[in-house]
Structure formats: structure tokens, C-alpha cells
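Subject: Handing over a structure

Hello,

Here is the structure I promised to pass on to you. Please open it first, and then read on for what turned up in it.

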Amino acid sequence: MPLRHHVILLIQAIVVWALFWLAGWPDYFQQYSPVFLGVGSVLLSVGFSLIALAVLLPRTPERRRQRAFWIALYFTVPFAILDTLYCGVHLGHGAGYLYSFWYLSVFYLTPWLTFPPTAWLLNRAASR
């Protein structure tokens, strides 16, 4: 993937993180009940699955695998770094933020459970 695409993905990830950060004001979603956060997380996961289909389906099988990997990487690693800086360092939660902000932590894993498997399933269906 060309460097330009890496930069674009990184910028997109940072913008998405900033939008979630703003949407979570004033307490980065801590003001909501766990049930609300759970339902919201499920709905976001369904949305990510639909996005995965929309982004990966038009690609060739090789490009699907590559694109799925890079999307999963750029939408987890920067999020984890930014959340660690904000929740762990700035708010002073340390590593404990991974538990108290579980609704953020779960999304450090879900792109890996969504994008690469979706690419694999699409490639498998295309080869039949």
C-alpha cells in the first residue's frame, strides 16, 4: 500500500477517535449506564461489520486481505495509544482504564475480529 494511503488511514483513525472523544463529553461516556454502553457497543459492532463489507467487497482478493489488515491496525493501535494518553495518563487511571473504560477497550480487539475474517469469507465465497 502506498505511503499516501497509510497517512490517509492514520488521519481517518485520529479523526474518528476525536469524534468519539467529543461525543463522550463530559466524562468520555462514563456518564452513561453500562446497559446503554453495551447496546451502543453492539450497534457500533454491527455498523463496523457493514462498513467492512462495503470497503472490502469491491476489492480484489489480495487487496481485501491487505486492506483488512491495515484497517484493523490503524483503527486499533492509534485508538489504544490515544485512549492510554487520555484515560490512563491525563485522567490518571493508569492501566486500570482498560477495565473502567471497557467499552473502549473492547474496540481494540473487534476490528481484528471483523475486518480480516470478513476479507477471508469474501475471498472464500469468490473462489467458489
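One definition first: rings of Phe, Tyr and Trp (for Trp, the six-membered ring) pair if their centres lie within 6.5 Å, and the planes of a pair count as stacked when under 30 degrees apart, edge-to-face when over 60, and tilted for the rest. By that rule, the structure holds 17 aromatic pairs.

Some background before the details. This is a predicted model, where local features need pLDDT of at least 70 and side-chain atom pairs count only at pLDDT 80 or more, while totals for chains, interfaces and linings use all residues. Residues are numbered from 1 along each chain as its sequence is written, and side-chain values use heavy atoms, with hydrogens and water left out.

The overall picture

The chain has seven helices and zero strands, and from the N terminus on its elements run α-α-α-α-α-α-α. Helices (H or I, at least four residues) and strands (E, at least two) are DSSP runs, numbered from the N terminus. Along its principal axes, the C-alpha trace spans about 50 × 35 × 20 Å. Of the 128 residues in the chain, 31% are buried; buried means under 20% relative accessible area, exposed over 50%, and partly exposed in between, with a 1.4 Å probe and protein chains only. If you look at contacts (heavy atoms within 4.5 Å) between residues at least 6 apart in sequence, 71% of them join residues at least 24 apart.

The aromatic cluster

Which residues do ring pairs link into a cluster? They are Trp 17, Trp 21, Trp 25, Tyr 28, Phe 29, Tyr 32, Phe 36, Tyr 86, Phe 101, Trp 102 and Tyr 103.

Tyr 28 sits in the loop between α1 (3–23) and α2 (34–56) and Tyr 86 in helix α4 (residues 77–90), so the pair ties together parts that are 58 residues apart in sequence. Both Tyr 28 and Tyr 86 are buried. Phe 101 and Tyr 103 form another aromatic pair, a tilted one, with 6.0 Å centre to centre and 55° between the planes. Phe 101 counts as buried because its relative accessibility is 1%, and Tyr 103 is buried too, with a relative accessible area of 5%.

The loop between α1 and α2

This loop has some backbone details to check. Trp 25 and Pro 26 are joined by a cis peptide bond, with omega about 10°, and Pro 26 lies in the loop between α1 and α2. Tyr 28 is a residue other than glycine with a positive phi, near 50°. At 3% relative accessibility, Tyr 28 counts as buried. Phe 29, which is not a glycine either, has a positive phi of about 75°. Phe 29 is in the loop between α1 and α2 as well, and is buried with a relative accessible area of 14%.

Where α3 meets α7

How do helices α3 and α7 pack? Helix α3 (residues 61–74) and α7 pack at an angle of about 175°, with their axes 8 Å apart. That makes α3 roughly antiparallel to α7. Here axes are lines fitted to C-alpha atoms, for helices over the stretch in contact, and angles run from 0 to 180 degrees between N-to-C directions. Angles under 35 degrees count as roughly parallel, over 145 as roughly antiparallel, 65 to 115 as roughly perpendicular and the rest as oblique.

Asn 123 lies in helix α7 (residues 110–127) and counts as buried at 12% relative accessibility. Leaving out residues up to four places away in sequence, Asn 123 touches Pro 61, Arg 64 and Arg 65. The side chains of Asn 123 and Arg 64 are joined by a polar contact of 2.8 Å. A polar contact is a pair of N or O atoms within 3.5 Å; within protein, one must be able to donate a hydrogen and the other to accept it, and residues adjacent in sequence count only if both atoms are side-chain atoms. The C-alpha atoms of Asn 123 and Glu 62, 61 residues apart along the chain, are separated by 8.5 Å.

Enjoy exploring!
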